[in-house]
Amino acid sequence: MLQSGTIVELDVEKPAAGGRMLARHEGLVVLVSAAIPGERVRALVERTGKGVAYAVAIDVLDASPDRRPAAPDWACGGNVYAHVAYPRQLALKADVVRDALGRIGHIPFDQPIPVSPSPERGYRMRARLHARAGRLGFFREGTHHLCDPATTGQLLPETDRLVGEIADLVRAGRLPGATSVELAENVPATERALHLELDRPLAPTGLEELARLPSVVGAGASFTGRTAPGAGRKGTPREWRRTITAGGAPCVLDELSLPDAAPFRLQHNANAFFQGNRYLLATLAARVRSLVPHGPVIDLYAGVGLFAVSFAASGWDQVVAVESDRAAAADLRANAAPFGASLQPVEGVVEAYLAAHPSAGEAIVIDPPRTGMSREASAALAAWGAPVIVYVSCDVATFARDARRLLDAGYVLGHLEAFDLFPNTAHVEVVALFSRA
């Protein structure tokens, strides 16, 4: 058994989910970072557990032609593929999707899996920054150690400057109690919104300073506290959450245009999920729309309504969008309003909606969180018998699991492709079409 601190020579075989590459040492699986399949490397074992060793390449003995100069810190911002030439990154991500389907879903898929590329720099519209000991930054991969977001190239230069100004306020003690800052910006980067998570109440002056920073259209902050014991029911503490804003609601506004659709507007709160890549946003929405036949459609896990509004703007007149998160649901209602009865927003959990509404033959779009669909949601969706399901996933493992459930329920996996929403990282977005056999 390998021990931490051991140096071994490894032949790197293939990519693994999460950004490391798979190699073997005397039969033991070693997941090694900073390597490329086909290389031979000397690697330092970092830790072991459950029959797997984790290592980092410290010397490349036989380099891949796809190797390029590495990022300053491969672990900052998930930049685990930054040392790999970009075309090879896309091929590796296709391999990861195919491997997950076979290994987790037991679904052989031998067809090519196209991966839509993105510009590698300045693509990111959303970022979660962490505050620790007077500093602000990303967490390094697998740690709570901070690193400088500007070194990753993921944010625009003007966004990096704004992050630096926020960091100055943190360093000066102007934002006491801040544990994280959610930053959202629109596609042209003319508007930015901020939301702070706090571990204590914040004086309004700190938030007002944030709201006065260049291009910031609104800032919000939330603090979760508990009353003293005895104030709640049966003497238990009562939890409460207080939110304050300054400079306007922490929302940015985008205007998008898809082929053969009227331009539409989307507001998205800094505290609500929204797709993070400015360059592929419209491309992704157009692709999902192209896979759904014209007619009634239900968008589950709808978020602020990217897909649902795309349908309504394209002439679909029977669209339902279901979202449970309060901030996202508020944005969804605002984004649906211009379409009147054509687009019905529903605030609620997917399981409850499926249980309460019998199927009328609608097509389904699902874009669940990283954890995928619950077993209850999968069973309810299978029972619905929708003729078409378009599944958008940000996690290949839970996608493969859910795909297996849909196939077992009588669906056939047809179209499958991926979108590189986070270049140089291990993340990949999958879009799949399932239809009744």
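Modeller: Partly exposed means a relative accessible area between the buried limit of under 20% and the exposed limit of over 50%. The model discussed here is predicted.

Biologist: Why is Arg40 called partly exposed?

Modeller: Its relative accessibility is 28%. Buried would need under 20% and exposed over 50%, so a residue in between is partly exposed. Glu9, with a relative accessible area of 41%, is partly exposed on the grounds of that definition too.

Biologist: What makes Arg40 and Glu9 a salt bridge?

Modeller: The closest N and O atoms of the two residues are 2.8 Å apart. The cut-off is 4 Å between a side-chain nitrogen of Lys or Arg and a carboxyl oxygen of Asp or Glu, so the pair qualifies.

Biologist: Why does the pair Asp420 and Lys93 count as a salt bridge?

Modeller: The N to O distance is 2.5 Å, and the definition asks for within 4 Å, so the pair counts. Asp420 lies in the loop between strand 21 and strand 22, while Lys93 belongs to helix 1, so parts 327 residues apart in sequence are tied together. Asp420 and Lys93 are both buried.

Biologist: How do you know that Arg278 forms a salt bridge with Glu185?

Modeller: Their closest N and O atoms are 2.9 Å apart.

Biologist: How many salt bridges does the structure hold?

Modeller: There are 24 salt bridges.

Notes. Residues numbered from 1 in each chain as written. Predicted model: local features only at pLDDT ≥ 70, side-chain atom pairs only at ≥ 80, totals over all residues. Heavy atoms only, no water. Buried < 20%, exposed > 50% of the residue type's maximum accessible area, 1.4 Å probe, protein only. Helix = DSSP H or I, 4+ residues; strand = E, 2+ residues; numbered from the N terminus.
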